[in-house]
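Please look over the sequence and the model shown here before reading the briefing that follows. The points after the lead sentences are grouped by topic.

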Amino acid sequence: MQRKIYFLFPIICIPICFSVNTMVFANPNDTPPSLEEGYIQFGYKSVEEAVKEFENHFKQDVNLPKINPSISFTHQFGRFYEDKKYNINDLLEIKFVNENVKENNYKIDIRPLKNKIVFKGRVNQKTYTLNNGQKAIYFEGHLFNFFVFDYGNWQYMLGIDKRVSKVTPDTLVKIANSIE
């Protein structure tokens, strides 16, 4: 029996580059999305709407701090994140930003105590006592400095951009103590 052997020669593709002078015309009226539009694309809305969604979901009121850091903000946004898969990561996020001063970035995350995050053993973690006797912890993250405490049925995590040296842990204590 005779065997036929077939050789498949690889096809070598030689890219051929064409130099074509093409012009791309952009509409001079095209503008990038505004700060508000960018946040809306990621599910943010007004703080009031997000708080209402969060409260309706848990059927409990949530108290927000009465004061904020003494730096300027141009916008504030809120978002309720519902973890439909695991039901443990439900979260209310509130962000304060300044469109013109990028480091003026402050956030408040609120979650139910039953799903709280435990921050133990962080380097340079400091403990503070709030006016209501609750313990709070302060630690520095990569981009934000955080202040975490429990109030009522919620865990609060305040975060301030590391570049804002004006907002100290003592300032965050005052903010936490303003919750009623």
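Not counting residues up to four places away in sequence, L64 touches V47, V51, I94, I110 and I179 in this predicted model, where a contact means heavy atoms within 4.5 Å. L64 is found in the loop between helix 2 and strand 1, with helices (H or I, at least four residues) and strands (E, at least two) taken as DSSP runs and numbered from the N terminus. At 27% relative accessibility L64 counts as partly exposed, since buried means under 20% relative accessible area, exposed over 50% and partly exposed in between, computed with a 1.4 Å probe on protein chains only. L64 and Y156 are 92 residues apart in sequence, and their C-alpha atoms lie 9.4 Å apart in space.

**Basis and confidence**

- Residues are numbered from 1 along each chain as its sequence is written, and side-chain values use heavy atoms, with hydrogens and water left out. Because this is a predicted model, local features need a pLDDT of at least 70 and side-chain atom pairs count only at pLDDT 80 or more, whereas totals for chains, interfaces and linings use all residues.
- The protein chain averages a pLDDT of 87, and 83% of the residues score at least 70; pLDDT is the predictor's confidence in each residue, from 0 to 100.
- Where pLDDT is low, the predicted coordinates should not be read in detail.

**Overall layout**

- The protein chain has 3 helices and 7 strands, and from the N terminus on its elements run α-α-β-β-β-β-β-β-β-α.
- Buried residues make up 38% of the 180 residues in the protein chain.
- Of the contacts with a separation of 6 or more, 54% are accounted for by residues 24 or more positions apart.

- Helix 2 (residues 47–58) has 12 residues and reaches 17 Å from its first C-alpha to its last, close to the 16 Å expected at 1.5 Å a residue, the expected span being 1.5 Å times one less than the number of residues.
- The buried residues of helix 2 are V47, A50, V51, F54, E55 and F58. They lie on the same side of helix 2 because they cover an arc of only 130° around the axis, the arc being that of the directions from the helix axis to the C-beta atoms.
- An α-helix has 3.6 residues a turn, so residues three or four places apart point the same way.
- The buried residues of helix 2 pack against strand 1 (75–81), strand 2 (91–97), strand 3 (105–112) and strand 7 (154–161), while the face turned away from that buried side carries the exposed residues E48, K52 and N56.
- K59, which follows helix 2, has a positive phi of about 55° although it is not a glycine, and at 71% relative accessibility K59 counts as exposed.
- N87, in the loop between strand 1 and strand 2, has a positive phi of about 60° although it is not a glycine, and at 45% relative accessibility N87 counts as partly exposed.

**Nonpolar cores**

- A nonpolar core is a set of buried Ala, Val, Leu, Ile, Met, Phe, Trp, Tyr and Cys residues joined through side-chain atoms within 4.5 Å. Of the 31 residues in the largest nonpolar core, F147 and F149 touch the most other members.
- The elements that give two or more residues to this core are helix 2, strand 2, strand 3, strand 5 (135–140), strand 6 (144–151), strand 7 and helix 3 (169–177), and helix 2 gives the most, with 5 residues.
- Leaving aside its neighbours within four places in sequence, F149 is in contact with residues including L130, W154, Y156, L158 and I179.

**Aromatic pairs**

- A search of the whole structure finds 16 aromatic pairs, where rings of Phe, Tyr and Trp (its six-membered ring) pair if their centres lie within 6.5 Å, and planes under 30 degrees apart count as stacked, over 60 as edge-to-face and the rest as tilted.
- Y39 and Y44 form an edge-to-face pair, 5.1 Å centre to centre with 75° between the planes, and both Y39 and Y44 are buried.
- F119 and F139 form a tilted pair, 5.0 Å centre to centre with 35° between the planes. This pair links distant parts of the chain, with F119 in the loop between strand 3 and strand 4 (126–129) and F139 in strand 5, 20 residues apart.
- F119 counts as buried at 15% relative accessibility, and F139 counts as buried at 2%.
- Ring pairs link Y128, F147, F149, Y151 and Y156 into a cluster.
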